[in-house]
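Visitor: Please take one part of this model and go over it closely. I would like to start with the charged side chains and follow where they lead.

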Amino acid sequence: MYHPFTISDTIKAAWDVIKKNYVSLIVYSVISLICYEVISFLTGFIVVYDNQYSQVAFVFFMMLVQSYLVLSFYKLILTLMDKEYYEFEFSDILPSFRMALSFVTIGVLYTVLIATIIFINLQLGDSTFVHDVLDKIEILGVAYLLVRSIYCLCFIVDEDSGPFESLRQSFSITRGHFFRLLGLILLVVGFVALLLIIINLFITSLFDVDNDSYIFKIAAICWFAISFPTVQVMIMTSYRKLVYSHKDIDDDVSETL
């Protein structure tokens, strides 16, 4: 039956997904991290940074790589959520080039937005009062846009939407849910921060971190392997909940079969 979007239901649903599929999620997270680091390392030997064009090309290429890794993880989560109802193959979690370009386009749009804000701040000079007021407005404005557009990548992988269409869809399903989403985001950020503190306390109490710098790298990988899939599953689960709530239909796939 239909259930309205709530934080508690979303957390419960996300936990069910994580509990059933955490091995797959953590392995894919580590593989994605290793792939990104290896590609970045190898590219550093190939690309010659002798001009701005080569630097821009390198940034664009790494954005494409990141887009494939992130979008494939989103598609994996969707597939794992539906795997007991539908058969799937490995090719089903691979994003298309169109999806990757949509991801990059949105990244460029936000980069231009941030660059514009920085440029405006630089033009204002040394007016402390104006800077203080403008900084707060800018932070609130960017935070609002990020919350309202948080599901654009979900629409890209789920419905193959273009960059502007996915932004419009994200704004549509988040309408009226801003403060619930903000509360959910704060809970997730709190979890990630708490996890980082626990791992830091653990390694500092058991290892001599001054002489074993590699311990921090291992700890960082562990933190990433736990926090990254948890955050992404939370986003994708809340996306599904909001989509069903927005369409006013059953939010449980098993109930629609």
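Guide: A salt bridge here is a side-chain nitrogen of Lys or Arg within 4 Å of a carboxyl oxygen of Asp or Glu. This is a predicted model, in which local features need pLDDT of at least 70 and side-chain atom pairs pLDDT 80 or more, while totals for chains, interfaces and linings use all residues. Residues are numbered from 1 along each chain as its sequence is written, and side-chain values use heavy atoms, leaving out hydrogens and water.

By the salt-bridge rule, the count is three. K12, D16 and K19 are linked in a network. D16 pairs with K12, their closest N and O atoms 3.6 Å apart. D16 also meets K19, at 3.8 Å from N to O. Helix 1 (residues 7–46) holds both D16 and K12, four residues apart. K19 and D16 lie in helix 1 too, three residues apart, about one turn. Helices are DSSP runs (H or I, at least four residues), numbered from the N terminus. An α-helix has 3.6 residues a turn, so residues three or four places apart point the same way.

Now exposure. Buried means under 20% relative accessible area, exposed over 50%, and partly exposed in between (1.4 Å probe, protein chains only). K12 is exposed at 54%, and K19 is exposed at 51%. D16 is partly exposed at 24%.

The remaining pair is D160 with R98, whose closest N and O atoms are 3.2 Å apart. D160 sits in the loop between helix 5 and helix 6 and R98 in helix 3, so the pair ties together parts 62 residues apart in sequence. D160 is partly exposed, at 31%. R98 is also partly exposed, at 43%. D160 follows helix 5 and has a positive phi, near 55°.

S161 lies in the loop between helix 5 (152–159) and helix 6 (163–173). At 2% relative accessibility, S161 is buried. S161 and R98 are 63 residues apart in sequence, yet their C-alpha atoms are 9.1 Å apart. Leaving aside neighbours within four places in sequence, S161 is in contact with R98, S102, F155, I156, S166 and Q169. Contact means heavy atoms within 4.5 Å.

Terms used. Helices (H or I, at least four residues) and strands (E, at least two) are DSSP runs, numbered from the N terminus.
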